[in-house]
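Here are a few notes to read alongside the model. Have a look at it first, then go through the points one by one.

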Amino acid sequence: MSKANRSLIKNENGMELPINIVVMLVVGMVALAALLAIIPETKKNLVIEVLSVNDVDGVTGNIDNGVSSNVTVDVIVYDSDNNLVEGANVIITGGGGIGSIKTDPTGQATVDVHDVFIRLNQDSIDLELVVKANGFYDYTNEAAILIT
C-alpha cells in the first residue's frame, strides 16, 4: 500500500471532504429554492377596448369648441387571455380635463372627464388613456380618444 493510502486509512478526517461537499450541495439547493420562490410572477399585457364616448359607440366624441364640456368614456379591460380585470385604475387626460376610476367586477369603467376644452382655432384634440393594474404592464395610448 502506498504511503498516501495508509495516511487516509489511519486519519479519521480523510472522509470529511465528500460529506462537506454533500452538505454544501444540499444547503445550496435550499437557498436556490428559496430565491426562486420569492421571484414574482411575470406580468401580463392589458387589452383595453373603448366602448363609447358620450354614449356614442366608438372612440370619437363631439363637443362644442370654446366651451368647457364633460366627456363620458366607457371602457372594458381584459388581460391577454381575455379575462376581465377588476380593480384596474383607468385614467383619461387631455384638453385640460382629467378623470379616473377603477374597473368593476365585469372589467368595465365609466370615466367622467371634466372640463375638456377645444380652442376655437382647433379642429380636434386627443385624450390620453392610461390603465394600471397590479400584476400587469401599464397601458398607455396618447391618442386613444378623438374629440372633435
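1. Start with the surface. The chain's accessible surface is about 9,900 Å², and carbon and sulfur atoms own 55% of that. Such areas come from the Shrake-Rupley method with a 1.4 Å probe; for residues, only the protein chains shown count as cover.

2. Keep in mind that this is a predicted model: local features need pLDDT of at least 70, side-chain atom pairs count only at pLDDT 80 or more, and totals for chains, interfaces and linings use all residues. Residues are numbered from 1 along each chain as its sequence is written, and side-chain values use heavy atoms, with hydrogens and water left out.

3. Next, the layout. You'll find 2 helices and 9 strands, in the order α-α-β-β-β-β-β-β-β-β-β along the sequence. Both are DSSP runs numbered from the N terminus: helices are H or I with at least four residues, strands are E with at least two.

4. Now the inside. Of the 148 residues, 26% are buried (under 20% relative accessible area; exposed is over 50%, partly exposed in between, with a 1.4 Å probe and protein chains only). The largest nonpolar core holds 27 residues, with Val71, Ile145 and Ile147 making the most contacts inside it. Elements giving it two or more residues include β1 (46-53) and β9 (139-147). A nonpolar core means buried Ala, Val, Leu, Ile, Met, Phe, Trp, Tyr and Cys residues joined through side-chain atoms within 4.5 Å.

5. Finally, a backbone detail. Asn82 sits in the loop between β4 and β5, and its phi is near 65 degrees, a positive value in a residue other than glycine. Asn82 counts as exposed because its relative accessible area is 60%.
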